[in-house]
Each structure stands twice: as C-alpha cells, then as structure tokens.
Amino acid sequence: MSQNDSELKCAVILVNLGTPDEATPGAVAKFLGRFLSDKRVVNLPKLLWLPLLYCVILPLRSRRVAKLYQQIWLKDGSPLKVISEQICSKVAAKLSDKYEVHLAMTYSEPDIQQVVNKVLDAGHQKVLLLPMYPQYSVSTTAPVFDAYAKALKNTYYLPELRMVKDYYAEPAYIQALANSIKQHWELTARGEVLLFSFHGIPERYARNGDPYPQQCEDTAAKVAAVLGLKQNQWRLCYQSRFGKDPWVKPYTDQLLHQLAEQGIKSVDVISPAFSADCLETIEEVSCELRDEFLEAGGEQYHYISALNDNPEQVELYCQLIEKHTQGW
C-alpha cells in the first residue's frame, strides 16, 4: 500500500480473546498460561497465583480442556478463531473502500503486537480499536488496551487512536439479539423461560468499579422489552465461575435447578456477552448446563447461538466503525 492510500484509510483492529493453536494439552497450557497470568484477568498477588497456576492448575486442566476442544475443533481451527475470521472478512469486504480491517487476539495468534506492526508498516496514522465484547469488563476489554499500548512502547510517532469501549446498548445490537431469539422460536418450540446467561466476574471486580454487571442487566432488559416479555418470562444469570471467591449472582447452574424445582420444564438460553461461539458456549452453556437442568427435572433445554457471522452482526460492526470514526 502506498503512503497516500494509507492516509485515506483508517486501520480497524477487531479483537477477540484468543484460543489454543491446536487441540493438544501443550497448546492449551500455553494459551491458558498466557490468559490466566494476566493480572487484569486474575487479580491476585503474583507470588501466590503464578506458582498455583503453573504447578497445579495448568497440569491438571490442560489435558481435560484439550479433550473438550478436540470434540468441537473445526477443519480450520477452533470455532472462536474461525468465526472471528469470518466476521472480520465480511466486515472488511463491506468497508474495503474506506478501511483496512484486521483481526487480532489478546492471548493467541495473530496477537495485537503482530497486527499493530502491520498497521505501522503500512503507514496508518489513524487506528480504531474494536474489542468484540458488547459489555465492558476490566478482565476482557481493558487487556485489549493494555496490549495495544505495549505494542507501541518503542514507537516514536504514535498513530491517533479511538477505541470502542462497549456497545451493550447499541440499538442494532439489541435488535440483532432479539431477532436471533425470534428466529429460534420460529424453528423450535418456545421455552417457558428465557435465560440471559453471561460470563461471570468476581464480585470484588464489580465493587471496585467494573460496570460489567450493570451493562449485562441493561442488555438483557432491553432485549426483553423488544421481545415484549413479562418479568416472569425471563431471567438474568452468570456462568463460568472459577475459584472460591464469590462471583456475581445469580449463578446459572443454581438458577436452572431452582427453575426445575419450581416446575419449569423448558428453557431457552442465550449468552449475549459472546460475539462468537466458543468452547464455553458450545460445551458449557449448550451441553453441561443442559445436562444439569435435565437431571434436575427439566425436559427441554435449547441454546440460542451467538450472533457469529450473521448479516446483522456484520452490519452492527460496520455501523460501529462508521460511528466511531466520524470526523476522521
């Protein structure tokens, strides 16, 4: 690309969490080590946490998690990687006249350092950083900024930066979620209760100012309003807690047990915090939690897929890019 071309186009970096490069214990350990050693993700004293992580947790978890990845692995890699690439490719195709669109991962390849190097080599002086997390959290969105700043640590002439901090209440996002639920109901018998199950965070993160729970509540309430749901027809909950510290409540597994005990026989579950389906949604939310609900007495459990690369999510990202680069 010539210098003139690079000046005409803004560089956009879509960022997702990351994934193992292979469905092997070694690759899983490498990815989890990089992910869980980030102090933004696990905010514990390193002298206590890192020995526990590398000497106990990774040796015990990596083999089991690798087997789970093997069950969902696609021809071209993990679902999160493949779907994120599809989203990026479709966004890039729609915006190719004005933007150079790249995909980066916070904890795997292509990492943010590699993508920033490409952007700098091309001569771009305007960068839009777009984390693919609708709700902001210190454990997901903040590490994207950290990695971007680190990538520019030795750069003399910094490009201008704008960052999409969140989009949890964007009308296009809310409508896309509502439409995906409606489409699911058109194809499958509608459950008695719709669960908005978000990835959890420790309660102390929220006490320290992380707005994630409030943003999750806002997203769920807005989607429920668009769908015209009554209060008893939907619930908000959080899955994937880890460790002994209390996490934000209610917990999805406990809520499913409560619903089954109350005589609820069918539920639909959606995880709006994920832009792309991944191990967590495919294995935990779709399978593990379903088994718990059925064992507790439930009869029907349906997972509603993430927005993935459907046209509405692609259009959502295009709108966000246009919106946040106005004036450039």
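His-199 is found in strand β5 (residues 193-199), where strands are DSSP runs of E with at least two residues and helices are DSSP runs of H or I with at least four, both numbered from the N terminus. This is a predicted model, in which local features need pLDDT of at least 70 and side-chain atom pairs count only at pLDDT 80 or more, while totals for chains, interfaces and linings use all residues. Residues are numbered from 1 along each chain as its sequence is written, and side-chain values use heavy atoms, with hydrogens and water left out.

**The annotated site**

- The UniProt annotation "binding site", from an unreviewed entry, covers His-199 and Glu-280; UniProt positions are given in the numbering used here, feature names are shortened, and annotations may be inferred rather than shown by experiment.
- These residues span 82 residues in sequence, yet no two of their C-alpha atoms are more than 9.0 Å apart, so they gather at one spot.
- His-199 is partly exposed at 26% relative accessibility, a class between buried (under 20% relative accessible area) and exposed (over 50%), using a 1.4 Å probe and protein chains only.
- Not counting residues up to four places away in sequence, His-199 touches several residues, among them Tyr-212, Trp-247 and Glu-280; contact means heavy atoms within 4.5 Å.
- Glu-280 lies in helix α11 (residues 279-295) and is buried, with a relative accessible area of 17%.
- With residues up to four places away in sequence left out, the contacts of Glu-280 are His-199, Gln-239, Ser-240, Phe-274 and Val-285.

**Salt bridges**

- Side chains of opposite charge can pair when their charged atoms come close.
- The count comes to 14 salt bridges, each being a side-chain nitrogen of Lys or Arg within 4 Å of a carboxyl oxygen of Asp or Glu.
- Asp-146 pairs with Arg-40, their closest N and O atoms being 2.7 Å apart.
- Asp-146 lies in helix α6 (residues 141-151) and Arg-40 in the loop between α2 (25-36) and α3 (46-72), so the pair ties together parts that are 106 residues apart in sequence.
- Glu-170 forms a salt bridge with Lys-323, with the closest N and O atoms 2.6 Å apart.
- This pair links distant parts of the chain, 153 residues apart: Glu-170 is in the loop between β4 (160-163) and α7 (171-187), and Lys-323 is in helix α12 (residues 311-324).
- Glu-170 is buried at 18%, whereas Lys-323 is partly exposed at 43%.
- Asp-218 and Lys-222 also form a salt bridge; both lie in helix α9 (residues 212-227), four residues apart, about one turn of the helix.
- Glu-203, Arg-207 and Lys-249 are joined in a network of salt bridges.
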